[in-house]
Amino acid sequence: MKTYYRVQLVLVALALSFPGSMMAEQTPKSGIETVAQQSGRITGTVEDELGPVIGAAVEVKGTHNGVVTDSDGHFTLSGVKSGAIIRISFLGYVTQEIPYKGQATLNVTLAEDSQALGEVVVTALGIAKDSKKLGYSVTTIKSDDLIKTGTPNFATALYGKASGVRIQNTQGGAAGGVSITVRGLSSINGNTQPLVILNGVPIRNGNSGTGSSNSSDFSNIGLGSTQMGSVRSNGLTDINPEDIDQLTILKGAAATALYGSEAANGAIVITSKKAKGTGITVDVNATFQANMVAYVPEIQTKYGPGTGNGDWTAEMIANDGFRKDAATGKLYPAYSAYQWGPAYDGREVLYIDGSTRAYSPISSNPWKQLFRTGTDQTYNIAINQGGENSSNRFSYTTLLETPNALTGSYSKHNFSLIGNLKFNDKLSLDYTANYITQHVVNRSQASIGMYGGFNNMFGAFLDIPLMKRMYKTSLGYKNNDRGSGPTPNEAFQYGSDGFVHGVREILWDTNEHESDELEQRLIASVAPTWKIFPFLTAKGRLSTDYTFSKMTDQSNSSFPSAASTNESSGSYSTLSKYYQVTYGDIMLMFDKRLGEKFNLTANVGWQARSEKMNSLSLGTNGGLMIENTFMIGNSYKTINVSNDNERKMELLKTAWLETIGLSYDDFLFLDLTGRQEKSSTLPKNSRSYFYPSGSVSFLYTDAFRDNMPSWYGYGKLRVSYGIVGNAPEAYAANMAYTFGSGPGWSYNQVPNNLGNENLKPEKTKEFEIGIENKLFNNRAGFEVSYYNKKITDMLLKTALAPSSGSETMWVNSGVMSNKGVEISAYGTPIETKDFSLELKTNLAFNKNKIESLVEGINFVETGDFASKVGKNYSYVGRPMGDFLAAVNQVVEEGPYKGRKIVNTDGNYVMSQDYEFIGNAMPKVVGGLGVTLSYKRFVLDVMTDFRFGGYIANDCYRYTMATGVNPETENREGEGFLPYTYTNGLTTQTGIILEGVVSDGNGGWKENDKVIAYEDYINSKNAWGTSPGTPNATYQFFKNNWWKLREVSLSYNFPKDLIKHAALKNLTLAVFGRNLFYFHKSIPNFDPETSNGTDWKSQLSIGGSASPTRSVGVSLRATF
Amino acid sequence: MKKIFLYSALLAAMVTFNGCSEDDFDSKYKDPSKVSEVTLDKMMSGCMLRANDWACSTYGRYFGYDPQLMGKLANSLGFTLSGSVYYDDEYEDYGQPYNSYPSMVTDFRKMQEVYDALPDEEKPKNEGYLLAAETHLYGMMIFILSEYNDIPFKEIGLVALNGDVSYANPHYEDGQQLFEMILDRLGEIDKKFATIEKPSAFGGQDFINKGDMTLWRRYANSLRLRAALRVSTQGPLAAKGQAILKEILEGNYPIVEDLEQNIKIARQSSGPLDIEGGSGFDWHNLQTGSAEMINRMQKAGDGGVWVEGQDDPRLPLMYCMATANGEQPTDIESEVVVGDPLKTGIALPSVFRGASANTSYDTFNDMFFNRLNRGYYSRVRRNGFFWGNKNWDHQIVSSFEIQFIKAEVYQRGWVAGDAKAAFKEGIRQSIKFLFKYQNGRSVTETDNGDSDYLNGKQQRYVINPDQSIYDDAWIDQFAEARWSTHINGAPYTDGNLEAILEQKWVAFGYLYCGEQWCDLRRTGYPRMYYEKDHDVTAIVPYPCNRLRYIANERNYNVHFQDEVGTYDNYSDVLFWAKANWHDGPTW
């Protein structure tokens, strides 16, 4: 009866996996039962130097008679015939073979296998391979490395750990997005994020914060202006690091060829933890971390608010730069967002609340009042159940975050079930289910909103606790200028623009505006395996990744709607979005030894993937009718509905794939793959396309074993070549007309951004060669790879001449290359019984080059800064991302040749054209880690770095212009010249710029014109529309840094001590993340605060939430 | 046997799995939020919307293109002489008329394609859509031609229609020939509008003239007048221009002669014609009254004080008041506070004062921070009038313009007629025009966001003239005086012709800065003072004669360098314009 149930289960599973009908024959009896003969019985324990080994395989060689060790390392094996060989094996250990001579017990101590370090890695399509067979580069990161410092998402644990892999976190706490770049950028317009594969199935992941209408991610969920400044997330951050067993990064085209177009940017293959061994074990861990806002800009505390000496009126000149309140006769500073006012001197002045205060700095660190210490609590429980015919791991993780912002919260619950059912020795089923639900209240705001603007600078004379009370009136409305509003007595005494209002806006938005996002995601799969013959296996897989998100956004009414007959305040909007990825594949896998030395593997398979997205949004228009009542129907004006309110997307991709693997004598391996893909995003005639890959792995140490020194344990040379095609995003190719309407009429237009019915897939061709070496019993090793990647027929959303009538058109044009070298090395220079020191490092050099674009086009614009003051262009013949800005005009000839030209106003004359400043691409990125072990203590230190390249720093520009930056503190007195402003005021604030001025006769003379320091600084920071006006060069900085990324100190309790508590393992760790920079080239700001995960938004800093420094403690226990 | 059965089952499964048919791919290839078939009526509306950056006071025009470029060139908005003031290489950002012109042609080409594919018997019933779109297109095109001269036309839109990037570089065409083509076509269009059947959906889809075929004739003929006048004064098309002026004015063609016939786009409460633009404190300096204009509307010597019943009634309708003696109020946070009666110690402003082009660079900071923000200069009266007025109509052709065209043509003697009467009618129509929107205004939003919710404080510093005083008799008397002497009593240097063009310039106010610049380049009137740029390296030391093509055109059109690259500068004089038009004596 039991067997019958199993058959039913198999049928259900197979029916799920194979939509076609299928009949299963009666399954044979299990292997163990068939050989169960009551002859020899042997019991024993398998241990390694640390203790019992759970899950080691103990089998009678050449039979199906085998068991695995239980949680104490025990095993019992029956039916062993005398003379049989008992084989004990466990991954990573030397396999032992012991003849059975009738002994009743057998205790085995396994030794780590340092010679044949044949690690099994999961490659494309979930095919597990011995790493020595791979002809291409992969990086595998194990669970321990991911959870060491309690990072809330796995991607931020990858910093510096894999060569050629660049991580960029958008900050914003656990709900922020993460960008991963593998081997340089491979697209100008498209997605540059790698494909994420979870247990064999592709899951939703996209860029955050890019706002593409058909974005595969939930990044563009924003509901209008109130959400514009917030930091969004992307799909890969949903994967729970606690559930990951190993993570493999497939970099080159040969490695990812089987995944096809989606993996043109590399692939991250995640394998979840599975139950190991038999019996039930329970893992529990708890992590607590505190996140402190860090690397926020310092502010100067010498000068108070004001726009500058030149703006003093006669009355202000008479009052040392202060204004006089007509009602009280008291002096007060000229409030503005600028801090170019009089120096703090402690005199009594009128404050914004009507009180009298000393004119002295109130706070040198406003951020303390504007952020709090955030916390992350992570609790995880995992129950592992292993048996003969099934294994299951259920895990529940909850993450509770209090963000650094003064309001908001984030919580995530992750339920995961992963298991395997073995129906008999031929049929088995793997299944996974991940249910993730998360709730975000008020996503973090971008830091540029806090310290990057002319209206909301935080000077030292601002009493933020007072502002926290004053931003709102007793009636709950936004507070106002003196004398106005329904509560005029509560209003600000002065400072109605800039300074006070800007801060009021920030506080109002923080406290009186709430966005609420609820997201539910289910990732589930079933995968049956049928071993038809020992050499032939069939595998199927069916999965879904379904996300539903519901968001509301509400702003309180900031003024009474009755006060005006024409407008109202407050808003409410709502958005629902779903995204579904459905995936299925089926594979036939052949694996047979041919004679003594040859082995042949061949796979043929078919896969299909469909994606579907739908979103619907609605919002009130012109405020709320009834104050603070949040319903769509409460809209003050008629709700505007356009086709932007509803978005839909569907795509379908299918592929046939084949692989052939041939090996010779276990030292030479050849792999060939082919994939015929079909994509609905391409026009009919180019919809189907093929690409191949090939790789060779040669283990020269094995081939020439006899001639190699004994310390040279492992040496491999690998060569690969692959082609990956990449289809455009959905609807890029389709030519269609836009639709819109007004009251009672509607219209069509030819779109400005054209599709192209002749589009075909772009092709990435990549050649790679590398060596891998393991020396001195694996105490040292290194790996070097060189790759040359060329993207041809680049899918380019090219800009057209405006006179063409269209703005852009998708074309296949241009070639881009990435060439690079990746080096990784490790070593254990010291290893004694109690103490060991391990070092590991990796470096990646990548050279990106645009070899061509559309014919006749020399560059594409890839960014602009401060409204065109600076630009980012990508030129043919150069790497992507050149920064350009106006530079000083210089004398072209004569005795003053090369000198900077100064204008009649005493300021520099800037070029009217954009000139090259620097390129954004880093020269080298990498990591350096140290692990120190002493007895049961392990200290792990991970650092990572980036050198080369430039970045734009808008925040710096703003803080300078407003006189908030401490760099502006030295602005008068000694070293300065007397300067007379147009208002007649003379102060010691003048400077003479180095350069020459016109001598009036067509020649030049030494500049002798005095300019006020404040005017010079201001001119460098103007917001402009053309290159000529301000000097923008100084907002571009070299972007070099080396950061202490992670430190953890753990203690593993002795087994003897904990066994009384029924514990098998107990580890306590303290850790820190983002602790400090050893070096950074950008002063006063964090270079890692870019917004979004696409490369263009990473050209400048300030877009992300304020960065943090974290410390925490974690406790892990196994029962 | 069983195994064979299993293999078959497995194969069957794979085949089923492979059941994604071509249809599945086809259906997912098309964007569900777009349409693949279009009709003429909806394409007409779409095509006409493209001209909004020219036809409507969009945000880009009101806050960018006009105040930052056209208003300086025409001296009709106040500005200061900071460095490189007449140079603005990036003006495509301000309203983008050049960017929207080719999009409009593209939509028009698509309309032609749809029209050509209609069965012959359907064509007469649908031609009206095409003609209306074409008329509106020429309205915008006349202006674009007047900015650049040679522009692409025939090859525009081919890239979208053919879906082939090799069509992405249209050739430039001779501006003079394009002008001729428009002059001829508008004549033909008038005749067609007079005879064709009104298309069935025309009334609903035509947001300009609401399906009124006579108004479309008035529009086409008035545009033709505007274009003909532009080329008539000098240059190779002068004779043709004068002949057309004669043809229309003597031929009894319907034109826009009365306020009710104005060609306009009514603001709608939602959708793409809910054009409100923006607001914000930061834009004060872009909305400053021009001294040249304000001085021409009030008597010299009365210190900017406006006298009801005596001075030009348009002055308080167009501008807010400034502080009386340039004194700076004690509370300076924002201009709206100036003179606020709720605040103690602040005097009500009481004069009109504009900023002038010879405000030197040295006082720039002073002006920017101290004066503009503190109400020293009059700001244009936009709040709830031209801006934020839900009854506002975006004017394309106004009756006063046509009256002044008539006056100029009669005055020059090209056509026999009463120049003075047309001149007086122009002034009358201009005053009526302002009163119409003053009376009909319905304020939708206040100026500075919700902090000023007390109904737009700025309105407290404006005067609403007593309209009953300004009846026809008063206007006649006022206009009579303007015919020969300036309001300050000085006679016009060049007689009535200058008077006509000055009054036309005043009537255009700050809403038609582009047209003013065209008239200035054509005639040199009204004579005004243009300060030379103080920047020693200024590329454009005086207001330019034409605009340079926008950067993306230079960057991306492969024909640019060969066809127009050599003459793409600011100094080239267009074929219909005067050289050195801004070199008049200081006024």
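**A buried glutamate and its surroundings**

Guide: Let us start with E502(B), which counts as buried because its relative accessibility is 0%. Please keep in mind that this is a predicted model. E502(B) sits in helix α19 of chain B, a helix that covers residues 495-508. Setting aside neighbours within four places in sequence, the contacts of E502(B) are R296(B), H486(B), Y492(B) and P526(B).

P526(B) belongs to the loop between α20 (513-523) and α21 (551-556) of chain B. The peptide bond that leads from Y525(B) into P526(B) is cis, with omega near -10°. As background, most peptide bonds are trans, and most residues other than glycine have a negative phi.

Leaving out residues up to four places away in sequence, K504(B) touches L229(B), E401(B), F404(B), I405(B), D519(B) and R522(B).

D184(B) is 318 residues from E502(B) in sequence, and their C-alpha atoms are 30 Å apart in space. D184(B) is one of the residues through which α9(B) meets α12(B). Helix α9 of chain B runs over residues 175-195 and helix α12 over residues 238-250; their axes come within 11 Å and cross at roughly 15°. With that angle, α9(B) and α12(B) are roughly parallel to each other, and their crossing is left-handed. On the α9(B) side the contact uses E180(B), L183(B), D184(B) and K191(B), while α12(B) brings K240(B), I244(B) and E247(B). By type, the residues of this contact are 2 nonpolar, no polar and 5 charged.

Now for the wider setting. Chain B contains 22 helices and 2 strands. Of its 587 residues, 64% are buried. Among the contacts in chain B between residues at least 6 apart in sequence, 79% join residues at least 24 apart. The largest nonpolar core has 193 residues, and Y101(B), I151(B) and Y319(B) have the most contacts inside it. Helix α7 of chain B, residues 123-148, gives the most to this core, with 14 residues. Another core lies apart from it, with 47 residues that include L195(A), L250(A), A254(A) and M587(A).

Chain A also has backbone details to look at. N199(A) is not a glycine, yet its phi is positive, at about 50°. You will find N199(A) in the loop between β14 (195-198) and β15 (201-202) of chain A, and it is buried, with a relative accessible area of 15%. N1074(A) likewise has a positive phi, near 50°, in a residue other than glycine. The place of N1074(A) is in strand β60 of chain A, residues 1065-1080, and at 11% relative accessibility N1074(A) counts as buried.

Conventions: Residues are numbered from 1 along each chain as its sequence is written. Chains are lettered from A and ligands numbered from 1 in the order in which they are written. This is a predicted model: local features need pLDDT of at least 70, side-chain atom pairs count only at pLDDT 80 or more; totals for chains, interfaces and linings use all residues. Side-chain values use heavy atoms; hydrogens and water are left out. A nonpolar core is a set of buried Ala, Val, Leu, Ile, Met, Phe, Trp, Tyr and Cys residues joined through side-chain atoms within 4.5 Å. Buried means under 20% relative accessible area, exposed over 50%, partly exposed in between (1.4 Å probe, protein chains only). Helices (H or I, at least four residues) and strands (E, at least two) are DSSP runs, numbered from the N terminus. Axes are lines fitted to C-alpha atoms, for helices over the stretch in contact, and angles run from 0 to 180 degrees between N-to-C directions. Angles under 35 degrees count as roughly parallel, over 145 as roughly antiparallel, 65 to 115 as roughly perpendicular and the rest as oblique. A crossing is left-handed if the near helix is turned anticlockwise from the far one by less than a right angle, and right-handed if clockwise. Contact means heavy atoms within 4.5 Å. Ala, Val, Leu, Ile, Met, Phe, Trp, Tyr, Cys and Pro count as nonpolar, Asp, Glu, Lys and Arg as charged, and the others, Gly among them, as polar.
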